[in-house]
Amino acid sequence: MDIVIREFNNNDINSMVLIWNGIIKEGNAFPQEEVLNEVSGKEFFNSQSYCGVAVDNDTKSIAGLYILHPNNVGRCGHICNASYAVSIDRRGLHIGEKLVKDCICKAKEAGFRILQFNAVVATNIHARHLYERLGFKQLGTIPGGFRLESCLYADICPYYIVL
C-alpha cells in the first residue's frame, strides 16, 4: 500500500466525515459526541489551521486524516493541538504514524512551538505507544477524565512534544 499525506480538499469531505464519524461512534477516543454531515464536516474541516489526509495511491481512497489547530490563544497561542483518525479497516498499517509525523512538520511550518494532546484516553495504548516512540512526553494522568460510550469513565493522559 502506497500512502501519501497531503492537504485535504473539498472533494475529500465525504470520506473524511465517514472516518471521523466512525471514531465518534466508537466513543473511546474523541471528545465530540455529535457526528458530522457533509455541511457540518466541510465547515469543521475548513475551520482548522490545517487538515491532512492519508491517500492510498493504489485505490485513490482516503485512509485517514488529521486536524491541526491552536490549543489556546494569546500568550499560549504557540501551542497547537491535533486529532488523528484512521479508517477502521486500515488500522495497524502505520498510517497513524505517517499522519503524526506529517502533522509535526506542518505544525513547525505554521510557527507552533509545542504540540499538545489534551485528552489521550489511557486505554488507547496503540496511540500512546506511537506518541512515546516519536518523543512525546506524558504530562500526567487525569483520573476519570473521559466518558466512554458505555458511560464508564476512563483516565486521560495529556502528552506534548517540543517542536
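User: Which residue's side chain does the side chain of Asn81 join in a polar contact?
Analyst: The side chains of Asn81 and Asn71 are joined by a polar contact of 3.3 Å (a pair of N or O atoms within 3.5 Å, where, within protein, one must be able to donate a hydrogen and the other to accept it, and residues adjacent in sequence count only if both atoms are side-chain atoms). This is a predicted model, in which local features need pLDDT of at least 70 and side-chain atom pairs count only at pLDDT 80 or more, while totals for chains, interfaces and linings use all residues. Residues are numbered from 1 along each chain as its sequence is written, and side-chain values use heavy atoms, with hydrogens and water left out.

User: OK, and where does Asn81 lie?
Analyst: Asn81 lies in strand E4, which covers residues 79-86 (strands are DSSP runs of at least two residues, numbered from the N terminus).

User: Is Asn81 buried or exposed?
Analyst: Asn81 counts as buried because its relative accessibility is 8% (buried is under 20% relative accessible area, exposed over 50%, partly exposed in between, with a 1.4 Å probe and protein chains only).

User: What is Asn81 in contact with, leaving aside neighbours within four places in sequence?
Analyst: With those neighbours left aside, Asn81 is in contact (heavy atoms within 4.5 Å) with Ile67, Leu68, His69, Pro70 and Asn71, and also with Leu115, Gln116, Phe117 and Asn118.

User: Let's follow Gln116, then. Which strand does Gln116 lie in, and is Gln116 buried or exposed?
Analyst: Gln116 lies in strand E5, and with a relative accessible area of 18% Gln116 is buried.

User: Which residues is Gln116 in contact with, again leaving aside neighbours within four places in sequence?
Analyst: Leaving those neighbours aside, the residues in contact with Gln116 are Asn71, Ile79, Cys80, Asn81, Ala82, Tyr159 and Tyr160.

User: Changing topic: how many disulfides does a search of the whole structure find?
Analyst: The search of the whole structure finds zero disulfides (pairs of cysteine sulfur atoms within 2.5 Å). Cys157, for one, is in no disulfide, and the nearest cysteine sulfur, which belongs to Cys103, is 19 Å away.

User: Is Cys157 buried or exposed?
Analyst: Cys157 has a relative accessibility of 2%, so Cys157 counts as buried.

Notes:
Helices (H or I, at least four residues) and strands (E, at least two) are DSSP runs, numbered from the N terminus.
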